[in-house]
Amino acid sequence: MSRKPFIAGNWKLNNTIAEAEELIQGLLPRVGAVEDVDVVVAPSFLSLSAVVDSARGSAVQVYAQNMHEKDSGAFTGEVSAPMLAEIDVQGVILGHSERRQYFGETDRALQLKVPRALEAGLIPILCVGETEEEREQGDTERRLRHQVQEGLEKVPVDQLSTVVVAYEPIWAIGTGLTATPEQAQETCGFVRALVQGFDKEAGNAVRVLYGGSLKPDNAAEILGQPDIDGALVGGASLDAESFGAIVKAAQ
Ligand code: PEP
């Protein structure tokens with residue numbers, strides 16, 4: 001089964017609109033014409049329109065970092081799937097560990113967000129991952145099983161392989177600690193098996209990403225693992241040269 005590599009840069013709470021413009025302008029000459037890898041950037045809500053406009057006509061896709069599961073209503077401060085689709089955003093990161101940790105994102109809400117994103121024509125990147133304590137206690141698989149099963153439970157079977165799942169060990173995010181290629185492969189393989197548990201073919205086709213302190217110098221080894229189809233990149237995605245080098249490593 002050949003799966004198209006997928007590299008996504010999560011810009012998090014970084015970059016004013018002017019800085020986001022500068023970053024996308026630095027990225028376009030490096031990755032704007034790449035066709036054998038899905039290249040995604042996820043700026044803050046405020047910069048989305050500007051980055052969508054700059055990336056128009058290039059191969060770079062623009063995703064949001066979150067969305068609400070409802071289309072509209074009394075949910076102050078939130079943004080919905082149709083609002084993102086209206087400005088030509090193509091996908092959305094859901095369930096990032098920082099949203100789970102700091103903003104009370106729950107598996108229950110994700111169970112609604114993932115199918116809602118798909119209905120609106122957005123590609124969801126569902127993030128899952130264990131804490132350091134869970135890994136030490138041998139609880140990684142239980143945690144991932146819960147997150148993947150809850151997150152995908154209401155996704156129609158024929159759309160399961162459209163979802164992208166990012167395995168991000170929380171202890172490796174922004175810490176400089178990276179899972180070894182063997183650890184990352186084993187756990188991404190486990191995540192794939194969980195999707196195969198819903199539907200064998202979908203599990204074979206679904207893209208599973210690794211995320212956690214990926215850099216140009218460790219990218220090739222991690223991305224070379226059989227069950228790792230790409231990466232969700234935080235820190236290194238804020239530098240055009242580094243992100244370009246990671247995309248190259250995925251080609
Ligand atoms: C992330 O936040 O998804 C991430 C992987 O961050 P970093 O690459 O900085 O560890």
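**A walk through the annotated sites**

So, let's start with Trp11: it's buried, with 21 other C-beta atoms within 10 Å of its own. Before I go on, please keep in mind that this is a predicted model.

Where does Trp11 sit along the chain? It's in the loop between β1 (6-10) and α1 (17-31). If we skip its neighbours within four places in sequence, Trp11 is in contact with Val41, Ala42, Pro43, Ser44, Ser237 and Leu238.

Trp11 is also one of the residues that UniProt, in an unreviewed entry, lists under "binding site"; the others there are Asn10, Lys12, Gly174, Ser213, Gly234 and Gly235. Those positions are spread over 226 residues of sequence, and still they cluster in space, with a largest C-alpha distance of 14.1 Å.

Let's pick Gly235 from that list. You'll find Gly235 in the loop between β8 (230-233) and α11 (240-250).

His96 first. Look in the loop between β4 (91-94) and α4 (97-103). His96 is buried, because 26 other C-beta atoms lie within 10 Å. Which residues does His96 contact, leaving aside neighbours within four places in sequence? Those are Gln65 and Cys127.

Then Glu168, which is in the loop between β6 (164-167) and α8 (181-198). Glu168 counts as buried too, with 26 C-beta neighbours inside 10 Å. Not counting residues up to four places away in sequence, Glu168 touches Ser97, Cys127, Gly129, Ile173, Gly211, Gly212 and Leu232. Notice that Cys127 turns up among the contacts of His96 and among those of Glu168.

Last stop, the nonpolar core. The largest one has 75 residues, and the members touching the most other members are Ile7, Val165, Val191, Ala231 and Ile246. Take Val191: apart from neighbours within four places in sequence, it's in contact with Val128, Leu144, Val148, Val165, Tyr167 and Val208.

Terms used
Residues are numbered from 1 along each chain as its sequence is written. This is a predicted model: local features need pLDDT of at least 70, side-chain atom pairs count only at pLDDT 80 or more; totals for chains, interfaces and linings use all residues. A nonpolar core is a set of buried Ala, Val, Leu, Ile, Met, Phe, Trp, Tyr and Cys residues joined through C-beta atoms within 7 Å. A residue is buried if 20 or more other C-beta atoms lie within 10 Å of its own, exposed if 12 or fewer, and partly exposed in between; C-beta atoms are placed from the backbone. Two residues are in contact if their C-beta atoms, placed from the backbone, lie within 7 Å. Helices (H or I, at least four residues) and strands (E, at least two) are DSSP runs, numbered from the N terminus. UniProt positions are given in the numbering used here, feature names are shortened, and annotations may be inferred rather than shown by experiment.
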